[in-house]
Structure formats: structure tokens, C-alpha cells
Amino acid sequence: MRGTGLAGPGHRRGATPHRRTISILTLVGVCLLALSATQTASGEPAADTVDTGFTIPFAGAPGYERLAPTQVTGPGQLNQPLGQQAADEIAGQVGLNRADALSEEQYRDLVAGGGVGGSREAAEVIDACARILTNTNGRPLYSHVDGHPTPSVLASYGLYVNTSGLLESPANADAPTRQVNSLIAPGGFVGTWLRNNGATHTLIALYRSAYTVQAVYGFAAQQISGAAQLVTNTREGVSSEVGMSMAPPLWIVNFALLYILNPSLAAAMPAHWAPIPSAVADAIRSSPTGQVPFSDYAPYFQ
């Protein structure tokens, strides 16, 4: 987002150029806000690192990895949302708080296509991004599968079913979380809307949070993950696959963005990740588009 003139606390002269920052956000495939400069994160990383089974760059910045979802240990944890208390605690550890989020009025205006320079078309893309990232229990997505509206809840797997009934990673080129690129491009809708609707404090808070450093790791992770956009996790000699959105840096990036949009959205993100059934992961990796018909693989998730 060019021309904001923002120089919040921690801003450095000679930081990464605007164009490069926006390219990182575009390739990471996250929603809603574009940055105009790279800044030092004020969120304090956890004191201890943990072995989660993810490797660099998929593990993200050392110290923040432990804030991301852990692997499920029982069926009751599958697709469970964080909850507000946990979301607020994580926000504090990445350098954010409720005062940094958009006001209720700003949030309603943005997702309704209102405010100064609002757009219903842009709002629909933003809303789709938020729904994909919060596809947890109680928040199903509905898709056309074999001609029938079909609900699905797959957030813990880092997968979702698009409106056409195709199963894919949220980082897939077809996903709204990638199609949002035109909205976050220099001079695009999001930057203009935020400047025109009093969200400067929110931008500064995001610049200073762990979002900045994690976005760099997320960019690197996506660059090497091909069409499938899946991540390999290996612990104690056991390897499994999960969608890119559940890799620690991408999860934290998305968490930060949703939290500043509305803390209740961040609270609906998945608290744990689950291995994708191997037959499904193999099919996604073998697909030239990284997509497979959900109707063919739905039984693996029942």
C-alpha cells in the first residue's frame, strides 16, 4: 500500500521497499491488509522453542512456533476453535491487543462494503477469506458437491472445499485468499479504504507485531510448496501432511490479520492441526492444480 506516510514506532529508514512487501503478502496468500514497510516486531517471542516437527521455513521464526496450533491428540480436538481467552493470550504474545483491532463500526462497514469508498465486491472476497480461515466446528462451509449443497468443516487439516466442490489448500491459486491479490496491490482497495476510514492505529499495531517476521517465513514456505501447498511434518520418525494454513508462520500471520479485523474471528480459528489422510494428501500432491473432487475423498474425513 503506497503513499501512507506511516512511520509507527520501530520504523526503520531503508526498510524493505513497498513493492517487495506487497509481493510477500500476495504470495503468502493471506487476507485483508497490505503492509507498506517492514518493521521490528514488538511482540515478545516465547522464551523456549519446541520441536513441533516442522522445519525452517515452515516452522517460522524461532520462539513463536509454540504459539501455533499443536497436533491433535484425540478426536475431541479436531476442528475445535481457539476460544476468546486463548486468542487474547496469543495476541498479547505476538504484540497485539483488543485496542489495536478495528472498531465495531469499522468492521461492519468493511465487511458490508460500506465506509468511505466501500465495495461490496471487495467485501465478498474479504468475507470469503475469513470464513475459510475459521472453518471450525459450528462454522461449516457449504459447497456444491454432486449437485447438492454440502457442509464441510476441515480447518484443522489446513484444507477447505471451494464453492465448486473441490478440496484444496487455502493457499491454492484458486482460493479467495490468493485472489485477494488485486485488493492489496499498490493503490488497491484495501489500502485506500483503511486510509480513508481511520484505521491508522491498526496498521501501526500490525507493523509492530510478530506478523512482520512471520510473513517472511511464510513467503519462503509458499515459494517451495508447488501447486499443492501442503507441508510435511516429521516427529519421532513419523511423517504426515497438513495444509499450508496450519504451518506456524502462516497460521500466526492469518491470526494477526483476523484479530485486528475482529478478535472474535481469531477466536474461531483452529486450535489444533490434524494430519491429512495419506490417500488424500497423495491425491492433492499428484493433481496439477492441487485440487481434487471432495465427493471422491469425503469418506476419509468422516
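## Helices H2 and H10

Gln-84, Ala-87, Asp-88, Ile-90, Ala-91 and Val-94 of H2 touch Trp-251, Ile-252, Phe-255 and Tyr-259 of H10. Contact here means heavy atoms within 4.5 Å. By class, this contact has eight nonpolar, one polar and one charged residues. Ala, Val, Leu, Ile, Met, Phe, Trp, Tyr, Cys and Pro count as nonpolar; Asp, Glu, Lys and Arg count as charged; the others, Gly among them, count as polar.

This is a predicted model, in which local features need pLDDT of at least 70, side-chain atom pairs count only at pLDDT 80 or more, and totals for chains, interfaces and linings use all residues. Residues are numbered from 1 along each chain as its sequence is written, and side-chain values use heavy atoms, with hydrogens and water left out.

H2 covers residues 84-94 and H10 covers residues 248-261. Helices (H or I, at least four residues) and strands (E, at least two) are DSSP runs, numbered from the N terminus. The axes of H2 and H10 come within 11 Å and cross at roughly 105°. Axes are lines fitted to C-alpha atoms, for helices over the stretch in contact, and angles run from 0 to 180 degrees between N-to-C directions. H2 and H10 are therefore roughly perpendicular. The cut-offs are under 35 degrees for roughly parallel, over 145 for roughly antiparallel, 65 to 115 for roughly perpendicular, and oblique for the rest.

## Helices H3 and H4

H3 (residues 104-112) packs on H4 (residues 120-133) at an angle of about 105°, with the axes 6 Å apart. That makes this pair roughly perpendicular. H3 brings Leu-110, Val-111 and Ala-112 to the contact, and H4 brings Arg-120, Ala-123 and Ile-126. Five of these residues are nonpolar, none is polar and one is charged.

## Strands

Strands of a sheet pair through backbone hydrogen bonds, either parallel or antiparallel. Two strands pair if DSSP finds at least two bridges between them. E2 (residues 141-145) and E3 (residues 148-152) pair in the antiparallel sense over five bridges. Tyr-142 stands opposite Pro-151 in E3. The hairpin of E2 and E3 has two residues between the strands, and Asp-146 takes a positive phi near 55°.

An open sheet of three strands runs in the order E4-E5-E9, with antiparallel pairing. E4 (160-161) and E9 (292-293) stand at the edges with a single partner strand each, so one side of each has no neighbour in the sheet. E5 (residues 166-168) pairs with E9 over two bridges. There, Leu-166 stands opposite Pro-293.

## Pocket and cavities

The largest pocket holds about 200 Å³ of space. On a 1 Å grid over the protein atoms alone, a pocket is an open set of points with protein on both sides within 12 Å along at least five of seven lines; a cavity is a set where a 1.4 Å probe fits but cannot get out; lining residues have an atom within 4 Å of a point. Grid points are joined across faces, edges and corners, and a volume is the space filled by probe spheres set on the points. Of the 14 lining residues of this pocket, Ile-132, Tyr-160, Asn-162, Thr-163 and Pro-176 are the closest to its centre. H4, E2, E4 and helix H5 (176-179) each give two or more residues to the lining.

The whole structure has four cavities of 30 Å³ or more. The largest cavity holds about 80 Å³. Its lining has 13 residues, with Ile-132, Leu-133, Ala-155, Ser-245 and Met-246 closest to the centre. That lining divides into 10 nonpolar, three polar and no charged residues.
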